[in-house]
Amino acid sequence: MTTELAKHTSVWGILKEAGICLFIVAVLLTMDRCLENLYFFFLYDTGKRAFDLFMSLYLHAHRWFTVLIPAVFLLWLWQNRFRIRLGVLLPICGIYLLYLVTSLRSNGGTFPSRWVNTTLYPILMILFVTMMCSTEKGIRRFCRVGCDVYLVLMLLNTVFAVFPQLYHLFTDWEPDFLISADNLTGFPLLFGAVLALLDHKFNRNRVRCILYLILFYVNQILIHNTSSLIAGAILAAYLLFPRIREWVEKKPLSLFVMLSCLLCIFLCTCSWFYFHTDFGFRLMDHLLDLLKSLYIRFIIWNGVLELIARKPFLGYGLGEKAEFFLRPKTSLSYNAHNAYLQTLYEGGLVTTCSVIAVLVFTSGILKKCRDKALAGMFTIVIFAELIMMQSSITSWFTWYPVFLIAQIAALVCTLSPEGDAL
């Protein structure tokens, strides 16, 4: 009788664990905004019944999770009698509330329809990781499954980048890359790296971590996006050089946030000098003639700065689209191509300073972390994200990639040595 009960419990435990792991996979594939342009969307309406059924399930799952995740989160809160670690969840929610308030004020009280999209999906994913990373067991499970998901995606992205003709087995559409457009690929690449490094830390999966990092840099080379390459180089310097690692572990995240702000100021100053002074034009014209993408960004940044100067404190609010800058002498609209400038335009100085305050608050949490290596890893990854966001952003979900990692960092770094909440 005892043997049968143990066997039954073991089987039930395995099924339960498998169900949770499948749930994590489904949520990552459908709700992770780093993967907002995943190739699955190009399979819609191909005329092939199997793909249409898959996409129907995929899109329905996306809608179900918008209800299911908050419901599970509330149930989880109740089961834990509201005694949980929230990390930086409340400050992040405060940022999205500020977006709403500034948008209502800037648009004469009209509710910004884009606010729901911009806010809902990031918050859902952050609620999800809050539950997953509440205990060491949950962290182990989440980073193991997440690492596997991203390993498969990076492998597929590599294969399809090398053999793009494989797309024609499914559809006539042939995107540049399976995981996203070239200037957005850095965000899923870097988030996958966080999961792989955490998997190595908590599950001792050294081989899988090395395999992911190999695919990480192979994809960096194949995609060859400058901002992503810079972020990858920052991470490589941290991983390869002990002295850099030791230096980072001694410095607070707030220092690196300040450096990213200074870089933004430097880039904006360069763009202004280029267009408004003869000296700046002569100094940079040859360089910008070679770097066409930087030249276009100079046009955008200079124009966006002029718009920001007209409404600096509360901004213009969230529009119907994330693209608001009309490039002169064209019919093309762009987003700001810079996270700070996008936020200054949409939420003004009030929202931008609040974002910086959330990152400084995260810095305080990391500073108290007993595991300095773990805190250093999160610090350098967030810094790499902030540098990448100087020229490439997920414009509908501007701060989501950083907030997601900040929330995981705040939860992981407040575990006691026994794996319980401090």
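How much space lies in the largest cavity? About 50 Å³, and a search of the whole structure turns up one cavity of 30 Å³ or more. Here a cavity is a set of points on a 1 Å grid over the protein atoms alone where a 1.4 Å probe fits but cannot get out, and its volume is the space filled by probe spheres set on the points. Keep in mind that this is a predicted model, where local features need pLDDT of at least 70, side-chain atom pairs count only at pLDDT 80 or more, and totals for chains, interfaces and linings use all residues. Residues are numbered from 1 along each chain as its sequence is written, and side-chain values use heavy atoms, with hydrogens and water left out.

The largest cavity is lined (an atom within 4 Å of a point) by Tyr-96, Tyr-99, Thr-118, Glu-346, Trp-396, Phe-397, Thr-398 and Trp-399.

Tyr-99 and Glu-346 also turn up where H3 meets H13. The axes of helix H3 (residues 89-106) and helix H13 (residues 339-367) come within 10 Å and cross at roughly 170°. That makes H3 roughly antiparallel to H13 (the label for angles over 145 degrees).

Now look at helix H14 (residues 372-388) and helix H15 (residues 400-412), whose axes come within 10 Å and cross at roughly 170°. So H14 is roughly antiparallel to H15. Their contact includes Phe-378 and Ile-382 of H14 and Ile-405 and Ala-409 of H15.

Technical notes: Axes are lines fitted to C-alpha atoms, for helices over the stretch in contact, and angles run from 0 to 180 degrees between N-to-C directions. Helices (H or I, at least four residues) and strands (E, at least two) are DSSP runs, numbered from the N terminus. Angles under 35 degrees count as roughly parallel, over 145 as roughly antiparallel, 65 to 115 as roughly perpendicular and the rest as oblique. Contact means heavy atoms within 4.5 Å. On a 1 Å grid over the protein atoms alone, a cavity is a set of points where a 1.4 Å probe fits but cannot get out, and a pocket is an open set with protein on both sides within 12 Å along at least five of seven lines; lining residues have an atom within 4 Å of a point.
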